[in-house]
Amino acid sequence: MNKKLLPGLIHRLPQNVMSRTMGKITASRFSRLAIRHYIRHYNIDPTIIEKPVREYRTLKEFFARRLKPGVRPIAPGDDVVASPVDGTVSQMGDIHEGTLIQAKGKQYSLTDLLGENEEIAQRFYGGKFITIYLSPRDYHRIHMPVEGRLTRYTYVPGRLYPVNQLGIENVDKLFARNERLVTQVETKELGCVAVVKVGALFVGSVKVMYNRATTNVKRGRRMSESIPGTPYYQKGDELGWFEFGSTVILLFESKQLEWAEDVKIGSSVLMGQKLAQVK
């Protein structure tokens, strides 16, 4: 396809319908026949997967596979932030005047991203953010980057533009337009940390462990409420999962974070790897 036509085409696709259809296909019993091809195509290491490949009943189940215990060690320290996912750092930096960087020449609003009122968004003004993209080959479980209490979640319905380079470069305010599920965490060392899970084209849904909230449903409505019991999660605990690859954005209230030396735009990270530390 002519590359000049692609940017215009992605705005016209029935993204949500296509993504729900893909979810149904990958959940069918026949989809298990594609698992070994998927492993070969994306060069996935089956030796670190929780159970034998033959035990996965559908391709969707394999997408959301767990890993063997200990495969991803968690960076220690109450003042250390660990990566919540395997992926590639697409952007990182300071939150200037309530805006974040999507790509060169493209920014978006923190308030729009969170889908919350200005009072909640202002907690992160002057803080820091990091955006991590998960490709189809990556491990799709999402883990806690810090230790703390889960206080609030927000589900914001929206579009499902692709979150790869094509989408980032051609869709303005991409992450504030796609569906997303935000979890707020209160911590001792870092104040409030927000884990923003962004849906994308062909992502069947985003799910979390602490309630039944899910994305990409017909006639989905915005929801924002406190999490009953404010459950306490340890760093590295499983928070949720993508039913295909997508993007996670971490927002930090703290201004005193210092990025790890090996964490840069374009670098690959593994779940549990040190991302940053309090100065």
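Trainee: In which loop is the place of threonine 230?

Mentor: First, the ground rules: this is a predicted model, where local features need pLDDT of at least 70, side-chain atom pairs count only at pLDDT 80 or more, and totals for chains, interfaces and linings use all residues. Residues are numbered from 1 along each chain as its sequence is written, and side-chain values use heavy atoms, with hydrogens and water left out. Helices (H or I, at least four residues) and strands (E, at least two) are DSSP runs, numbered from the N terminus. Threonine 230 sits in the loop between strand S11 (223-226) and strand S12 (232-233).

Trainee: What is the phi of threonine 230?

Mentor: Most residues other than glycine have a negative phi. Threonine 230 is not a glycine, yet its phi is positive, at about 35 degrees.

Trainee: Is glutamate 97 buried or exposed?

Mentor: Glutamate 97 lies in the loop between strand S2 (87-94) and strand S3 (99-103). Buried means under 20% relative accessible area, exposed over 50%, and partly exposed in between (1.4 Å probe, protein chains only). Glutamate 97 has a relative accessible area of 76%, so the word is exposed.

Trainee: How confident is the model, and what is the average pLDDT of the protein chain?

Mentor: pLDDT is the predictor's confidence in each residue, from 0 to 100. Over residues 1-8 pLDDT stays under 50. Where pLDDT is low, the predicted coordinates should not be read in detail. In the protein chain, 85% of the residues score at least 70, and the average pLDDT is 85.

Trainee: Which residues does UniProt list for "active site"?

Mentor: UniProt positions are given in the numbering used here, feature names are shortened, and annotations may be inferred rather than shown by experiment. This entry is unreviewed, and for "active site" it lists Asp86, His143 and Ser246. They spread over 161 residues of sequence but cluster in space, with a largest C-alpha distance of 14.3 Å.

Trainee: Which side chain makes a polar contact with the side chain of aspartate 86?

Mentor: Aspartate 86 lies in the loop between strand S1 (80-82) and S2. At 4% relative accessibility, it is buried. A polar contact is a pair of N or O atoms within 3.5 Å; within protein, one must be able to donate a hydrogen and the other to accept it, and residues adjacent in sequence count only if both atoms are side-chain atoms. At 2.9 Å, the partner is the side chain of arginine 72.

Trainee: Why does histidine 143 count as buried?

Mentor: Histidine 143 lies in strand S6. It counts as buried because its relative accessibility is 7%.

Trainee: What modified residue does UniProt list at Ser246?

Mentor: Serine 246 lies in the loop between strand S13 (238-242) and strand S14 (247-252). It is buried, at 0% relative accessibility. The record, an unreviewed entry, lists Ser246 as "modified residue: Pyruvic acid (Ser)".

Trainee: Which ring does lysine 51 lie over?

Mentor: A charge sits over a ring if NZ of Lys or CZ of Arg is within 6 Å of the ring centre and within 35 degrees of the ring normal. Arginine 65 lies over the face of phenylalanine 62, at 4.6 Å from the ring centre. Lysine 51, at 4.8 Å from the ring centre, lies over the face of tyrosine 56.

Notes
Contact means heavy atoms within 4.5 Å.
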